[in-house]
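User: Please take me through this model in short questions and answers.

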Amino acid sequence: MPMPGKLPALLTSLAFVLVNAVLPNISIAEENRVTFPANIDKLVHYTTVTRGEVEEILTTQEAIDAVANNQPIPYGTHVVIRFHRDREITRYFVMQKGRGWGQDYPNGRTKDWQFQFYNADQSIKLEENTQRCQSCHARRASDQFIYTFDELKDFQ
Ligand code: HEC
């Protein structure tokens, strides 16, 4: 017997496998290649943006070092926004780099990056269309698809 808590996850994975067998591209709501960073507590908080909610923006020390040296951010890197309202975490936005991952989107323009929206409990917000994230971030090709690239570069 699966544990009660495991069953929804099992169904989600099953749906994921089925959907991906039929659809070659990411379209609207979906799981994709992005994983929630298991090491989130080890990520470095390099900048904060406040617009209504407080956005703590985090990534790995390796990514910070790479950008400081004008190198590509390493494959596997997570960049995370942890949103807070009244000190409570409300959601997370995650972008993650993997070789060619951007090609799963119809316009492929984010090269190696995919995007995901996580609820406060770290489950995927399945009704989110991550193509929207992707098209907006595609405009930042000259800055490794990162909007807060200057902050990342200046962070010591
Ligand atoms: C309309 C444009 C737009 C869309 C859509 C968008 N973003 Fe962003 N993103 C930004 C901007 C601008 C920032 C810089 C932080 C800020 O201003 O809030 C940012 C910052 C980020 C960051 C921190 C690294 C960086 O680029 O600075 C992550 C991670 C991120 N977004 C993920 C996502 C995810 C996941 C989605 C979809 C759920 C998404 N974004 C949708 C514009 C966008």
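User: In what order do the elements of the protein chain run from the N terminus on?
Analyst: This is a predicted model, in which local features need pLDDT of at least 70, side-chain atom pairs count only at pLDDT 80 or more, and totals for chains, interfaces and linings use all residues. Residues are numbered from 1 along each chain as its sequence is written. Helices (H or I, at least four residues) and strands (E, at least two) are DSSP runs, numbered from the N terminus. The protein chain has 4 helices and 5 strands, and the order of its elements is α-β-β-α-β-β-β-α-α.

User: Which strands are the edge strands of the sheet?
Analyst: Two strands pair if DSSP finds at least two bridges between them. The open sheet has 5 strands in the order 1-2-3-4-5, with antiparallel pairing. Pairing on one side only marks the edge strands, strand 1 and strand 5.

User: What angle does the direction of helix 3 make with that of strand 5?
Analyst: Axes are lines fitted to C-alpha atoms, for helices over the stretch in contact, and angles run from 0 to 180 degrees between N-to-C directions. Contact between two residues requires their C-beta atoms, placed from the backbone, to lie within 7 Å. Helix 3 packs on the sheet and touches strand 4 and strand 5; the angle between the directions of helix 3 and strand 5 is about 130°.

User: Which element gives the most to the shell around the ligand?
Analyst: A residue is near a molecule if its C-beta atom, placed from the backbone, lies within 6 Å of it. Among the elements that each supply at least two residues of the shell are strand 4 (88-97), strand 5 (113-119) and helix 3 (130-138). The most, 5 residues, comes from helix 3.

User: Which of the 22 residues around the ligand come nearest?
Analyst: By class, the shell has 14 nonpolar residues (Ala, Val, Leu, Ile, Met, Phe, Trp, Tyr, Cys and Pro), 4 charged (Asp, Glu, Lys and Arg) and 4 polar (the others, Gly among them). Of the 22 residues, those that come nearest are Phe93, Cys133, Cys136, Tyr147 and Thr148.

User: Why does asparagine 70 count as exposed?
Analyst: Asparagine 70 lies in the loop between helix 2 (61-68) and strand 3, and its phi is near 55°, a positive value in a residue other than glycine. A residue is buried if 20 or more other C-beta atoms, placed from the backbone, lie within 10 Å of its own, exposed if 12 or fewer, and partly exposed in between. Asparagine 70 counts as exposed because its number of C-beta neighbours inside 10 Å is 7.
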